[in-house]
Structures are given as C-alpha cells and as structure tokens.
2 protein chains.
Amino acid sequence: MATFIFGHTTPDTDSIIGAISLSYLKNQLGEETIPTRQGEINPETKFILEKFGYKAPELKTSYAGESVYLIDFMERSQSPKDIDEATILGIVDHHKLGDLTTATPLEMWVRPVGCSNTIVKQMFDYYNIEIPKELAGMMMCAILSDTVIFKSPTCTKEDTKACKELAQIAQIEDYKALGMEMFNVKSDVLSATKRELVLRDFKDFNMGGKKVGVGQLEVVDLSVFDNMKDELFSEMKKLKEEGSRDTVLLMLTDIIQEGTQLLVVSDDISKIKEAFGVEIENNQVWLPKVMSRKKQIIPFLEKVF
Amino acid sequence: MATFIFGHTTPDTDSIIGAISLSYLKNQLGEETIPTRQGEINPETKFILEKFGYKAPELKTSYAGESVYLIDFMERSQSPKDIDEATILGIVDHHKLGDLTTATPLEMWVRPVGCSNTIVKQMFDYYNIEIPKELAGMMMCAILSDTVIFKSPTCTKEDTKACKELAQIAQIEDYKALGMEMFNVKSDVLSATKRELVLRDFKDFNMGGKKVGVGQLEVVDLSVFDNMKDELFSEMKKLKEEGSRDTVLLMLTDIIQEGTQLLVVSDDISKIKEAFGVEIENNQVWLPKVMSRKKQIIPFLEKVF
C-alpha cells in the first residue's frame, strides 16, 4: 500500500514542491509513495508547476488508516482532522517542534533552515540520488520563495548553497530573476477575492490553549493593499468568528522595503502590543525588517500567550 | 555560553554515552557544549565508562535559561522540570514523537533505529569527523546494550553496520563477547536495593492524560528474580502511589530465552490484558519474544489508554 506525502493545510510552494520532491526521493529509495495536498494550489505554485511541466499533487484531506510522511509542518492545527488515525512514518520540516505526537518511532529530518526543500536536497545528497533537471528547478523556486530570494532572516548558508546547486542542475543561470518573476506573480492580489487573499498562506497555531491564525502576503509593493484594507479586516473578523479563534493576524510583507504591515484582529490587542513592544493604531502597525512568520512573529506570540 | 547535552531521567547507557558522543561531535563542529546527566549512573554504564577511561558527565537537573540538546528522549515526563524555561536547540532520538514542543525552529535527527548512538555515528559520518578510538568503543557498547546484542526487534541493519564500524575504530575484534560481559554486569541484581532495581531503567509516559511508568531489567537468567518478586511488587506499588501513576509495569527481560516476564500494578488491570491480548495471573504474565519497551510495549499501551 502506498504511503502519502503532504504538507500543511493551505499549502504554499514549499509544501507542494516538497511533497513532490520527497516522494520522488522515497520512490528512488524503493518505497512506494504518492504526493498529495490538503488544499488549493496558490498562484505562485501554479506558475512554478506550469513552468517546469509538473502536475499538481491530488487533493486528499482524509488519511485514516494510511501511512504518511509530513513535509513542512508538525502542528496538529495544520494537519488533516483524522491525523490520529494515520501512521506517521516520518516528518521533514524546518519549523518549531509542534504538538503532533506518534505511538511508534519515526524518521525526522528537521533543521533550522529557511526551506523544507533545502532539507530534501540534503537528503538527496545523503542518499546519493540524482535530482532530475525539472524537479531541481522547482526545488530551487521553493527555496527562493521561502527565503524571499535570500532576504528573509530565516535564510541560512545551507539554503543559499542548496539553491545554487539546484540552479546548476536545472541549468538556470539567472535564478534571482526567476525569483523576482515568481514574486511578481505572487504580488498579483487584484484577481483574488479578499477571503482568498487572507487564506492564501494562512496557518493556525495552538498557543496556550488558544487558537491563533496568522496569514502572510508577500508583495513587491505594499501600495496594492491601499484600497482594500477595510475589506481584508472584515474577512479577518469573519475568520476569527467562524474558527473560534482568539486572534487573527495578517502580515502584509513588502519584500523590497523589507518590512511588514501587520493587521490585527484580536480578543486582547494588548497582548499583541506586548509581544512586539509596539503601539497599534487602527488595528495595524509597521514592523520594519520583519519578513518571517516563523522567526519574527510566532516566537513572540508564544511568549505572551 | 556553553550548551548542555543530556538524556532522559534515570539515564541508561545510550543516554549517557550519547551525551558524551554528541557533545564531542558538536565541539568538533565549533560549538561549545557540555554533556550532563539527569540522574545516577547504572552499573552497566559505570562498567563501560571505566573500561574506556571516561568520566561520567556531571549531574545537572535544572536547565532554566540554558540552551540544550536532548539525546534519547523527547517526552515531557522524561525531561527536567524546568525544560520550558530552556531553549531546545536540537534533539537526537530514536523513540516515538513525544509531547515536548518548542517556540523556535530546531534541529532534529530522529530515526526508527535501535540506538541513539547509531544516529550519532551517522552524524559523525555526515560531517566527516573522526571518532576517537575509546569514544568509538563506548558508542559500540551503547548499541550492543540498546539492541541486546542485535537480538531486539528494534535492531536494524543501520545499527549492526554502525556497531561493526565502531568496533573496527575501537579495534575490538570480539565485540559480542564484550556485549555478554556487559550484560553479565547488568544481570547483577543482587547488590542493589529493590527500589534501585525498579528505577534502574524506568520511564514515565503520559498516556491519554494518565501517567504510566514502565521499568525494564535485562538479565541473562530470569531465575535471579525468583525470590524477590514480592519485594519488587511492593516497591512498584509505592512508586505508583508516590507518583500518582495509573499504572506501573516492570519488564523482567531474559535476553537468552528472549522474552519478558511482565509485572503489573495498575488501577485497571483489564486494560493491560486488553493491550497484550493475554490473561494476567498473580499480576504477572510471560510474553515470549518481547524484548523492547518502545516497540513491543508502549505502542500497545498507547492504543488502550
């Protein structure tokens, strides 16, 4: 019986490409695996899949009775609802140690790097398995996406090294130009509904028993949001009510200016002020240099929650 | 500031030698680390340390404000009490995914193999760092101990491979003889108090909100326990009360006969019967072929709790 490999709910590029790349590696190692996804493909990922001629993994949201590998997450709140009825054989991830547990020993490749595909690249090297040219191109794009073309504070030497080696395999010389092309696709926020925007890269966390959702949109120019903030706030409020969340945050990240306009909807806004040591006016605040949810937002929320 | 590296409470050989071997590796990689331990050294570990001329790591039970690496565990119930006030930089382990969590990304080397030192050996290989002869001997002994000289169902090809390579580095030809010598030391249960015996290799687990403690004693001949079972039961009952445990189990494992006499003290003995599909008479039962707590006991308890 095949083993399924998938990333978190509301998959981003790293989750989708990671499921494909890890599945390819595992199959080469003699396991029978199938990459799947828990949700819709975002525009950036669609652009990458089309560019390199790959199909999106199949949508699958239930895994009871199955064996699975998880990529790019280990939080219960980002898992399928029936994850407890699945057998987790392994996890490849670059986030904090989450609240998933297992009944049996497993395999975990977890590193404090900028992208799960950097770890998958290291696994290919460890097992001495060749990466097909087009797959290498997609993995390279995942690293450029997760590290915001190396600008994110989460980016490590291991990420740039893996990215450059993948670019070589993919025979792509100007990989930074491709990265910018990708972020231009990502910056197209006008053709989506406001709900789609808030949910495009949205993750829930369990913080001291409270549900906290944090979305992020990365664009090359923040002014695209100028006339839609009221509508974004209104969607955030709806999400907060529907999901019984304590707090919903939306990071509007400007990858050129290198900073984040944080939109806040919360039962207790004083906690958010405390977390970042800032004043919050009209439910928003500019956080200079902040580009990473997992490194510059989540740990500070964890402290106050 | 140095980072501390330590194994679980009531440390076994893998926990102690793993702290030493991982610390040596990390120091070679340019980090400043110190191996420590959470509890007393058992007779087997003492024998190994003396044989290879190493000192025991320092006893240290509080880690608030410190950075740490964990080896051979990732369960809250096996952690120092103030683990939440420490920063976990990484985990090297071969058990199930436990209930520890972190606020920040970390490094995890977790494999479903028989021994943590097998993983540390693979890390030495990955980083291309040479292992000193005496350290290799100790790591080899840890693998022989955890895999019961390759007899445990937890033993994998990776364990035997690592063990043989370590034996070569240590220049020890008859490593199985050394293994038996080690188990003879381990089998000396007459010079210890009954409480020391029950606690010698004892681990607590959180199972569905209930505290379940499972100890294990591995000997070359089960008859050494013939005249002390009443006293062992009496200590198990005391431990159950003192620690507000739901259940205390003691595995008396015969490594020659390859099976375990399981002693049971529980609020609900029917659960234990159900877990293993056996009748339990006089609070004990012989489980043929059962040698591994983590693979043949814990997963079945998890299912019923």
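In chain B, helix α4(B) passes helix α5(B) in a left-handed crossing. The structure is a predicted model. Two packed helices are described by the angle between their axes and the distance between the axes. For α4 (residues 133–146) and α5 (residues 157–170) of chain B, the axes come within 8 Å and cross at roughly 150 degrees. Angles over 145 degrees count as roughly antiparallel, and therefore α4(B) is roughly antiparallel to α5(B). On the side of α4(B), the residues in contact include B:Ala136, B:Met140 and B:Ile143, and on the side of α5(B) they include B:Ala162, B:Leu166 and B:Ala170. By class, the residues of this contact are 11 nonpolar, one polar and two charged.

A second pair of helices lies in chain A. Helix α1 (residues 13–28) and helix α4 (residues 133–146) of chain A have axes that come within 9 Å and cross at roughly 145 degrees. This crossing of α1(A) with α4(A) is also left-handed. Among the residues that meet are A:Ile17, A:Ile20 and A:Tyr24 of α1(A) and A:Leu135, A:Met138 and A:Ala142 of α4(A). The contact has seven nonpolar, three polar and two charged residues.

The strands of chain B come next. Strand β5 (residues 87–93) of chain B is largely enclosed by the rest of the structure, because five of its seven residues are buried. Strand β4 (residues 67–71) of chain B runs parallel to β5(B) and is joined to it by five bridges; here B:Ser67 stands opposite B:Thr87. Four bridges join β5(B) to strand β6 (residues 107–110) of chain B, again in parallel, and B:Ile91 has B:Met108 of β6(B) as its bridge partner.

Notes. Residues numbered from 1 in each chain as written. Chains lettered and ligands numbered in written order. Predicted model: local features only at pLDDT ≥ 70, side-chain atom pairs only at ≥ 80, totals over all residues. Heavy atoms only, no water. Axes fitted to C-alpha atoms, helices over the stretch in contact; angles between N-to-C directions. Helix = DSSP H or I, 4+ residues; strand = E, 2+ residues; numbered from the N terminus. Left-handed = near helix turned anticlockwise from the far one by under 90°. Contact = heavy atoms within 4.5 Å. Nonpolar A, V, L, I, M, F, W, Y, C, P; charged D, E, K, R; others polar. Parallel < 35°, antiparallel > 145°, perpendicular 65-115°, else oblique. Buried < 20%, exposed > 50% of the residue type's maximum accessible area, 1.4 Å probe, protein only. Pairing = 2+ DSSP bridges.
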